[in-house]
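Subject: Structure handover

Hello,

The structure is below, followed by notes on what was found in it. Please read the notes with the model open.

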Number of protein chains: 2
Amino acid sequence: MATIKKNGRSRLDRGTLTRSSIIEAALRIMDESGESKLTFARLGQQLGSSPSAMYRHFSNRDEIIEALGDDLIRISLDGYAPSASWEDSLWDLAVRAWRTYELHPAVASQTYFRVTRGPHELKAVDAILQALSAAGLSEDEAVTHYHLFAMTVLAQSADHAAKLAAMKAVEVDPTGRWEQVYVPRDPHEAPYYWAVRDKLRSRDDYALYRTQIELVIESVRRAVAREVGAVERQES
Amino acid sequence: MATIKKNGRSRLDRGTLTRSSIIEAALRIMDESGESKLTFARLGQQLGSSPSAMYRHFSNRDEIIEALGDDLIRISLDGYAPSASWEDSLWDLAVRAWRTYELHPAVASQTYFRVTRGPHELKAVDAILQALSAAGLSEDEAVTHYHLFAMTVLAQSADHAAKLAAMKAVEVDPTGRWEQVYVPRDPHEAPYYWAVRDKLRSRDDYALYRTQIELVIESVRRAVAREVGAVERQES
DNA sequence: TCCTTAAGTCAATAGCGTTCACTACGTGAC
DNA sequence: GTCACGTAGTGAACGCTATTGACTTAAGGA
């Protein structure tokens, strides 16, 4: 891999570094150490190259993060195929996003709100629209519910990912701050809180996520019923 | 304010800097220039002090951001009082969060996922629980729907804020990247997308937000009805 | 075979958060 | 009144960061 040059210094062969090998290393670094640890120096270490070699493949750090965002969509959709039932398709897409974001929380929290304009983003949009079309929605309702579904999936999965990333970041710095959560000083200050303070602690983000997806799908069902009803009224 | 010392150099009077004056300056900087521009040097400029003077009031940069988070909740709840209708109360809280996050997108996108453990966070939790209690929910259902409501409000408002913050950051750097959004190469590559590509562009995040809040409130109504029904069945 | 292109390297720069020893002001004890 | 102490504000470091430009040299076409 590395060639020894005349002057005694080693240097990577031409073509050793590629966009995808850099993204792969960047993903590994982010997963293991968090967003702030993704530096050019670390990338250089991981790849056995000079830090500034990255600039031959990406014009700046932000472009690397953007590429990571599209890669996350690629990972998420890997092997996806529409189900017979449109509801199953939406569930599949929703769960895939959650799982992927959970596996790569640092990347997820840094990229979810970006429009990557990469090839995989388009596939994801198309997959959602296909499911909504299969449900029987008109184009207008499909667009509305596409936004509703995508917004719910991305925002909630990213919210969960951001918390995971923040917790991981604190874990390394062992101050134990995340245990003191929700400890008020005086009962009368927040009586409603006080009454349920023990129950508040246990929180299953994934169960809440599923509830929200169910609400969105229920909304799709109602929209389909409305449109079917409208057509029937028109025909009678 | 600044005293001239014997040696000819000026120095701020003792007590000029406070946590709240620093937070105020930090909020202004973030609003005007975005998250990455909040530096100790800039804070020093704004306040006419040495950059390192901040360390007498905050132990590091992260603690400043955390304090900004609690301040955002304070701003959001300023003047809030429960309405006669629990639905109005929830709507009020939801709209307040959205508006505040929209006014301070850089701060919002950096703080929404944190637990500030500040005094105002507790008030917000209590206000939501109060509304759900007024709706007639049991403690268990109130806790569940508290999480559902809070997760929806925070994640969606923050998602919107993150986009605003990202757009602002790009605005300064005028590459015009945000106009190329959603432009595919080949119709057959993403046929469902292609069919509605024009309709996809116009997107009203706030309208979608209101739809989601409506879905959550509808879910509360159904839970209330379920519980009323359960009690009546038990009595008969 | 030579010559152009571009991938990888290295050194330099400016800006960042953070630390530390230092200075001098305001306060409480006497 | 005055004296000592605690502490707010200072300024000079430190090590790390992204980014740039000049360089070397491998690869590939003419």
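This is a predicted model: local features need pLDDT of at least 70, side-chain atom pairs count only at pLDDT 80 or more; totals for chains, interfaces and linings use all residues.

Helices (H or I, at least four residues) and strands (E, at least two) are DSSP runs, numbered from the N terminus. Residues are numbered from 1 along each chain as its sequence is written, and chains are lettered from A and ligands numbered from 1 in the order in which they are written.

The DNA surfaces

β2 (10-12) of chain A and α2 (40-47) of chain B each supply at least two residues of the surface near DNA strand C. There are 26 residues around DNA strand C, and those that come nearest are L17(A), S49(A), S50(A), S52(A) and T39(B). By class, the surface near DNA strand C has seven nonpolar, ten polar and nine charged residues. Here Ala, Val, Leu, Ile, Met, Phe, Trp, Tyr, Cys and Pro count as nonpolar, Asp, Glu, Lys and Arg as charged, and the others, Gly among them, as polar.

DNA strand D is surrounded by 26 residues, with T39(A), L17(B), S49(B), S50(B) and S52(B) the closest. Two or more residues of that surface come from each of α2 (40-47) of chain A and β2 (10-12) of chain B. The residues near DNA strand D divide into seven nonpolar, ten polar and nine charged.

Chain A

Chain A has ten helices and two strands, and along the sequence they follow the pattern β-β-α-α-α-α-α-α-α-α-α-α. Of its 236 residues, 34% count as buried. A residue is buried if 20 or more other C-beta atoms lie within 10 Å of its own, exposed if 12 or fewer, and partly exposed in between, with C-beta atoms placed from the backbone. Two residues are in contact if their C-beta atoms, placed from the backbone, lie within 7 Å. Among contacts in chain A between residues at least 6 apart in sequence, 67% join residues at least 24 apart.

The buried residues of α4(A) include W86(A), L90(A), L93(A), R96(A) and W98(A).

L77(A) is in helix α3 (residues 61-77) of chain A. L77(A) counts as partly exposed because it has 18 C-beta neighbours inside 10 Å. Leaving out residues up to four places away in sequence, L77(A) touches R96(A), H120(A), K123(A) and A124(A). L77(A) and A124(A) are 47 residues apart in sequence, but their C-alpha atoms are 7.3 Å apart in space.

The nonpolar core

A nonpolar core is a set of buried Ala, Val, Leu, Ile, Met, Phe, Trp, Tyr and Cys residues joined through C-beta atoms within 7 Å. The largest has 114 residues, of which I128(A), L132(A), I128(B) and L132(B) touch the most other members. Not counting residues up to four places away in sequence, I128(A) touches L93(A), Y146(A), F149(A) and A150(A).

Chain B and the two-chain contact

In contact with 43 residues of chain A are 42 residues of chain B. On the side of chain B that touches chain A, α6 (119-135), α7 (139-172), α8 (191-195), α9 (197-201) and α10 (205-235) each supply at least two residues. α7(B) gives the most, with 15 residues. That side of chain B divides into 23 nonpolar, nine polar and ten charged residues.

Chain B superposes on chain A by a rotation of 180° with 0.0 Å of shift along its axis (RMSD 0.0 Å). That is the relation of a two-fold axis. Copies are superposed by least squares on the C-alpha atoms of residues with pLDDT of at least 70 in both.

Y112(B) lies in the loop between α5 (105-111) and α6 of chain B. Y112(B) is buried, with 22 other C-beta atoms within 10 Å. Residues up to four places away in sequence aside, Y112(B) touches L154(B) and A158(B).

Regards

Conventions: A residue is near a molecule or strand if its C-beta atom, placed from the backbone, lies within 6 Å of it.
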